[in-house]
Amino acid sequence: MRAITVSPGIANSARLDEVPEPPLSDGSVLVRTRALGVCATDREILSGVYGSAPPGEQRLVLGHESLGTVMDAPEGCGLSPGDLVVGIVRRPDPEPCMACAAGEWDMCRNGRYTERGIKDRHGYGAERFRVEPEFAVKVDASLGILGVLLEPASILAKAWDHTEGIGRRARVWQPRTVLVTGAGPIGLLAALMGRQRGLEVHVLDHNKGGPKEAIVRDLGATYHNDAATLRRLAPDVLMECTGAISVIRDCLGATGAAGIVCLTGVTELDKRVEVDIGGLNRAMVLDNSAVFGTVNANRLHYQMAADALARADRSWLERLITRRVPLERCNEALEHRKGEIKVVIDFAPAVAEAAAGE
Ligand SMILES: [Zn+2]
């Protein structure tokens, strides 16, 4: 079968390879891949600065934003042939730390976890993959290819879950406004979940005009492209989804009293910006504000994300996928183009067309 592979540590090493069928050791559920989402982590692996192949191997099957159809699953595991599923990315470390042992591998304490398509485990970017039933999450069938948004959505489901957990430090905390920085896939999914919570949602992005502005507006949220928004709004929740240092600096201390800043973006190495730490400390202490970082997601978050996507407007979700590239041209999908939101590698465009014609 065909798979997208890379040599971690070597820049621009991606290619479409012929690889053996997925081994049983990957899990008892056999899945035919429908689509694969591409994100900044994939591009980081592609640039040679991140990622690792399974021990003893040179190449890594890329891909962690999966979507596929179950071909075969053991009886009684909760999955049946034909089900649409997404594979969870992270696996607990072999000698689980207290977090991993409790099923919260997203909060791993020793860093010895592994990740499909990223760290020490082959990814989902192959025509077929295997996964353990407990690491496969069922997606609402009516989502179709939009189910590929589940993995990125799980990141925001966790971000919201933890924000609300931190909010409960006060006996009464009811957020009214959220400001999301960045209108990429992560920012837009954060905004969607904010709207689903009935909040007043603002999105700040440097793009002026263009599809992102309309997508934000059609969510019932307000789009901003001036950095002054950050100082003016004083939101209850601020979700930073750019990873850009100047934006992060402006986010810190920018919430209203008892506000929460959630950092979701991974900044490139060696980026620096000056911060008035005294002024920031003063603002944070006097306002009881909290700043926290979040990464990855556990099974509970995937389920929350699956619910959020199932409840979302399909035509709105469709607009997040701005480019679909067939597997044969996967290299095109890996290059980033200005203004795009989510790029998806389509493993079965012919199947999709046939289904649409039915
Ligand atoms: Zn762990």
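Me: Which spacing do the donors of the zinc ion follow along the chain?
Reply: This is a predicted model in which local features need pLDDT of at least 70 and side-chain atom pairs count only at pLDDT 80 or more, while totals for chains, interfaces and linings use all residues. Residues are numbered from 1 along each chain as its sequence is written, and side-chain values use heavy atoms, with hydrogens and water left out. Donors are N, O and S atoms within 2.8 Å of the metal (3.2 Å for Na, K and Ca), and sites may look incomplete since water is not among the atoms. Along the chain, the donors of the zinc ion follow the spacing D-x3-C-x2-C-x7-C.

Me: What is the arrangement of the four donor atoms around the zinc ion?
Reply: The protein donors are Asp93 through OD and Cys97, Cys100 and Cys108 through SG, lying 2.0 to 2.4 Å from the zinc ion. Because the four donor atoms subtend angles of 85 to 139° around the zinc ion, the arrangement is irregular.

Me: Which residue in strand 8 does Arg91 stand opposite?
Reply: Strand 7 pairs with strand 8 (residues 114-116) in the antiparallel sense, over two bridges. Within strand 8, the residue opposite Arg91 is Thr114.

Me: How are helix 3 and helix 4 oriented to each other?
Reply: Axes are lines fitted to C-alpha atoms, for helices over the stretch in contact, and angles run from 0 to 180 degrees between N-to-C directions. The axes of helix 3 (residues 150-167) and helix 4 (residues 185-196) come within 9 Å and cross at roughly 50°. Angles under 35 degrees count as roughly parallel, over 145 as roughly antiparallel, 65 to 115 as roughly perpendicular and the rest as oblique. Helix 3 and helix 4 are therefore oblique.

Me: Which residues of strand 19 are buried on one side and on the other?
Reply: Strand 19 (residues 342-346) pairs with strand 3 (residues 29-38) in the antiparallel sense over four bridges, and with strand 18 (residues 321-326) in the parallel sense over five bridges. Five of its five residues are buried, where buried means under 20% relative accessible area, exposed over 50% and partly exposed in between (1.4 Å probe, protein chains only). Both faces of strand 19 are covered, by Lys342, Val344 and Asp346 on one side and by Val343 and Ile345 on the other.

Me: Is Tyr223 buried or exposed?
Reply: Tyr223 lies in strand 14, which belongs to an open sheet of six strands with parallel pairing in the order 14-13-12-15-16-17. Strand 14 (222-224) stands at an edge with a single partner strand, so one side of strand 14 is left without a neighbour in the sheet. Because its relative accessibility is 13%, Tyr223 counts as buried.

Conventions
Tetrahedral: all angles 85-135°; square planar, octahedral: opposite > 155°, others 65-115°. Pairing = 2+ DSSP bridges.
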